[in-house]
Amino acid sequence: MKQKSIFKKVLCLTPVLLVFAAVSACRPAASETGPAEIETTAPAKAAADSTTPEADASGPADGGTFFFTDSTGREVELPRVITKVASGGSLANIMIYAVRPDVIVGWSEAPSETEKKYIDETYWGLSEYGNFHDDGGFNREALMLDAPEVIIDVGQWDEEYKAELDALQEQIGIPVVLIEAELEQTPAAYRTMGELLGVPERGEELAAYCEELLADAKEKAAAIPDDARTTVFYASGDAGLDTMLSGTIHAQIYELVGARLVADAENVQVQKGGGSVSMEQLLVWDPDVIMFAQDSIYDQVAGDETWGALSAVQNGTFYEIPTEPYNWLGRPPGPNRMVGIRWLGQLLYPEIFDYDIEEEVRECFRLFYRYELSDEELAELLSRSTLKSRQAQ
């Protein structure tokens, strides 16, 4: 669903309903002029200087208010001490939980059974507000009872969306802020989230980890000659012929580690979020590696005569992307991708991305989800990729 059509419907709805139209809808593409610079007025700074414009002596007894400048450049007045946050979407769910879960009062979408495994049981029963366009699925009463102090959205924006956020916030009377978190902006986004939620040390810990991952991947990928870069086809759908396009947000992890997606807008039938190809075209490309989405045809291709004509199938270099608790390479294209950077790099270029990948995955789960993977769980997560690749060697 497109953002613009959503807002035309939203503006005629009730104030509570407006909240979730703003924060649950699909994000528009980023502005062509590039993302806005993130500028924050930290709660600690505002609290230390009550004579600055950020201070508001008439604010709540626990410390007044401060002005926060979100990623769109909007200046929003917030409590200095934030204790109740509503998540504005799947990316916000992931990021807020990683930084400070105890402030979450409700999810835009409750954790799935798979996600619950990695989320503390304390948060399973929080309110699920739903999306305004789901018939009978919007829980207005839950939102009213939870009374969040701020709604935090994470994603992309453009000038039109920025103006709509202002209009919506004025109507609903609840602050709504957006934190942009493209791949390169992930460290800054974690720092901002940490400052906003009063745990700057935690934000810095996550930011520093992401910075190191990104810098290391860039350095290693830069050493790969163009003619030695692995060609990859991403396969999804019932026939395995739906794909993602190079140069898009969904291709960022592949390109970061030095791989090249064979599909682009010039050679596929473009659809929302990707495209579709014919088997004949895939045979012409004959990619080095095929990465299957979960619930596609990974289990079928080894015994299929047509797919068996591809080099990747013959060589066993076809894999299924892990998706617990979220997809490691995207969908959603958010901070869930951090674990995928070293995993994919090591899978495609083990001699360059020379890691103990089991320990790298364990560390990422410890840091972001506060979860200690067992040997059995780790083996299951990697059974259709890293461990399969090693067994074939």
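Reader: What is the mean pLDDT of the chain, and what share of its residues reach 70 or more?
Author: The mean is 82, and 78% of the residues reach 70 or more. Among the elements of the chain, helix H1 (residues 3–10) has the lowest mean pLDDT, 32, while strand S13 has the highest, 98. Over residues 1–61 the pLDDT is below 50, and beyond near neighbours in sequence this stretch has 131 contacts in the model. Where pLDDT is low, the predicted coordinates should not be read in detail.

Reader: Why does Thr65 count as buried?
Author: Buried means under 20% relative accessible area. Thr65 has 9% relative accessibility, so it counts as buried. You will find Thr65 in strand S1 (residues 65–69).

Reader: What makes the link between the side chains of Thr65 and Glu77 a polar contact?
Author: A polar contact needs a pair of N or O atoms within 3.5 Å. The side chains of Thr65 and Glu77 are joined at 2.7 Å, so the distance meets that limit.

Reader: Why do Asp286 and Arg370 count as partly exposed?
Author: The partly exposed class lies between the 20% limit for buried and the 50% limit for exposed. Asp286 has 27% relative accessibility, so it counts as partly exposed. Arg370, at 41%, therefore counts as partly exposed too.

Reader: What is noted about the phi values of Asp286 and Arg370?
Author: Asp286 has a phi near 45°, a positive value in a residue other than glycine. Arg370 is not a glycine either, and its phi is positive at about 55°. Asp286 is in the loop between helix H11 (279–285) and strand S13 (289–292). Arg370 is in the loop between helix H14 (357–369) and helix H15.

Reader: Which residues are joined by a cis peptide bond to Pro325 and to Pro332?
Author: Glu324 is joined to Pro325 by a cis peptide bond, with omega about -10°. Arg331 and Pro332 are also joined by a cis peptide bond, with omega about 10°. Pro325 is in the loop between strand S14 (318–320) and helix H13 (338–348), and Pro332 has its place in the loop between S14 and H13.

Reader: What lines the largest cavity?
Author: Its lining is made of Asn93, Ile94, Tyr97, Ile119, Tyr326 and Tyr369. Helix H4 (residues 90–99) gives the most, with 3 residues. The cavity has a volume of about 40 Å³, and the structure holds 4 cavities of 30 Å³ or more.

Reader: Which residues lie nearest the centre of the second largest pocket?
Author: They are Glu320, Pro322, Glu324, Glu380 and Leu381, out of 14 residues that line the pocket. Its volume is about 230 Å³. Helix H15 (residues 375–382) supplies the largest share of the lining, 4 residues. By class, the lining has 5 nonpolar, 3 polar and 6 charged residues. Glu324, one of the residues nearest the centre, is also joined to Pro325 by the cis peptide bond.

Definitions and conventions: Residues numbered from 1 in each chain as written. Predicted model: local features only at pLDDT ≥ 70, side-chain atom pairs only at ≥ 80, totals over all residues. Heavy atoms only, no water. 1 Å grid on protein atoms, 1.4 Å probe; cavity = no way out; pocket = protein on both sides within 12 Å on 5 of 7 lines; lining within 4 Å. Points joined across faces, edges and corners; volume = space filled by probe spheres on them. Helix = DSSP H or I, 4+ residues; strand = E, 2+ residues; numbered from the N terminus. Nonpolar A, V, L, I, M, F, W, Y, C, P; charged D, E, K, R; others polar. Buried < 20%, exposed > 50% of the residue type's maximum accessible area, 1.4 Å probe, protein only. Polar contact = N/O pair within 3.5 Å; in protein donor to acceptor, adjacent residues only side chain to side chain. pLDDT = per-residue confidence, 0-100. Contact = heavy atoms within 4.5 Å.
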